[in-house]
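Hello,

Here is the structure you will be working with. Please open it first and keep it in view while you read my notes below.

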Amino acid sequence: MSTIAELLADLSAETEALMRLIEGLDSAGWEAITPAEPWTIRDQIGHLAYFDERAALAASDPDAFVEQVNRDIEALTGDVAELHRHRALDGPNTLGWWQKARADLIAAFARVDPEQRLPWYGPPMRARSSVVARLMETWAHGTDVADALGASLPVTDRLFHIADLGVRTFSWSFSNRGLEIPDQRVRVALRGPSGTIRVWNDEENASITGPVEDLCLVVTQRRNLADTHLVMEGGLARRWMEIAQVFAGPPGPGR
């Protein structure tokens with residue numbers, strides 16, 4: 001299991017990868033529509049900044065976080081409603097907002113017990129899980145940004161963190177849609193870009209195999225299952241992949 005310092009280092013590396021894509025954008029670039037229409041690149045980065053601020057607050061002052069959520073809950077129900085108070089920011093200022101929010105988040109999580117449960121939008125999460133969730137969000141929204149720019153993020157073994165989160169949210173994918181949670185699980189065997197193979201639920205019969213990037217693209221709903229190289233054996237494996245959702249909130253529309 002990775003230490004909190006290792007997780008924060010991976011989060012920093014994923015942050016830098018996305019920063020390299022957006023630091024030189026002109027005004028038109030910031031307003032480019034991403035695949036998550038009608039979100040622009042500016043919206044995507046603003047979204048990351050907003051929830052980085054909230055995550056840092058949850059880590060540094062849990063009581064203040066709960067109070068803030070109670071004040072903001074209605075503003076968080078729309079697609080980009082949480083960004084309204086910052087919509088006047090242009091692209092470079094949105095980037096500056098995110099840079100500060102991300103630095104504050106990393107500093108805050110470096111000071112907490114990795115097993116401490118922190119409040120969030122739903123059940124509390126352990127600090128280490130919160131860091132992985134921020135890494136997942138960075139990569140997922142970064143993928144939207146990269147797609148809008150006709151670019152790509154580097155494929156690294158950091159994606160195993162997101163894949164692990166995807167496997168652990170198996171039950172959530174079903175319950176979030178009001179479906180009965182299966183008694184069985186699915187064997188998942190994924191290959192990383194370095195050649196590393198990681199296996200989950202090795203004793204199960206239904207299985208999914210393929211590149212770690214493809215599993216991450218599916219569970220974050222950034223690619224349609226048909227556009228990946230995942231190999232599924234057994235009806236449960238396919239049924240899970242068709243509804244897989246690693247992020248909180250109502251069922252996503254998929255791609």
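Helix α5, residues 91-109, is 19 residues long. In this predicted model, the helix spans 27 Å from its first C-alpha to its last, close to the 27 Å expected at 1.5 Å a residue. Its buried residues are Gly91, Thr94, Leu95, Trp97, Trp98, Ala101, Arg102, Leu105, Ala108 and Phe109. Looking down the axis of α5, these buried residues fall within an arc of 155 degrees, so they line one face of the helix.

What covers the buried residues of α5? The cover includes the helices α1 (4-22), α2 (27-30), α3 (41-60) and α6, together with the strand β1 (117-120).

Next, the cores. The largest nonpolar core contains 52 residues. Phe109, Val186, Leu190, Ile208, Trp240 and Met241 have the most contacts inside it. Helix α6, residues 127-149, gives this core its largest share, seven residues. There is also a second, separate core of 17 residues, and among its members are Trp30, Ala49, Phe51 and Val145.

Apart from neighbours within four places in sequence, isoleucine 208 is in contact with Val186, Arg187, Val188, Ala189, Leu230, Val231, Met232, Ala237, Trp240 and Met241.

Phenylalanine 65 sits in helix α4, residues 62-72. Is phenylalanine 65 buried or exposed? Its relative accessibility is 1%, so it counts as buried, the cut-off for buried being under 20%. Not counting residues up to four places away in sequence, phenylalanine 65 touches Arg54, Leu57, Ala58, Pro119, Trp120 and Tyr121. Its C-alpha atom is separated by 9.9 Å from that of glutamate 53, twelve residues apart along the chain.

Valine 212 belongs to helix α9, residues 212-219. Valine 212 counts as buried because its relative accessibility is 1%. Residues up to four places away aside, valine 212 touches Leu159, Phe160, Ala163, Leu190, Arg191, Gly192 and Pro193. From valine 212 to proline 193 the distance is 8.1 Å, C-alpha to C-alpha, with the two 19 residues apart in sequence.

Leucine 25 lies in the loop between α1 and α2. Leucine 25 has a relative accessible area of 18%, so it is buried. Leaving aside neighbours within four places in sequence, its contacts are Trp30, Ile41 and Leu149.

Last, the chain as a whole. How many helices and strands does the protein chain have? There are ten helices and six strands. The radius of gyration is 18 Å, close to the 18 Å that the globule rule gives for 255 residues, so the chain is as compact as a globular protein of that length. Along the principal axes, the C-alpha atoms fill a box of roughly 50 × 40 × 35 Å. Of the 255 residues, 51% are buried. Among contacts between residues at least 6 apart in sequence, 65% join residues at least 24 apart. The protein chain exposes about 11900 Å², with carbon and sulfur atoms supplying 50% of it.

Regards

Key. Residues are numbered from 1 along each chain as its sequence is written. This is a predicted model: local features need pLDDT of at least 70, side-chain atom pairs count only at pLDDT 80 or more; totals for chains, interfaces and linings use all residues. Side-chain values use heavy atoms; hydrogens and water are left out. A nonpolar core is a set of buried Ala, Val, Leu, Ile, Met, Phe, Trp, Tyr and Cys residues joined through side-chain atoms within 4.5 Å. Buried means under 20% relative accessible area, exposed over 50%, partly exposed in between (1.4 Å probe, protein chains only). Helices (H or I, at least four residues) and strands (E, at least two) are DSSP runs, numbered from the N terminus. Contact means heavy atoms within 4.5 Å. The expected span of a helix is 1.5 Å times one less than its number of residues. The arc is that of the directions from the helix axis to the C-beta atoms. The radius of gyration is taken over C-alpha atoms; the globule rule is 2.2 Å times the number of residues to the power 0.38. Accessible areas come from the Shrake-Rupley method with a 1.4 Å probe; for residues, only the protein chains shown count as cover.
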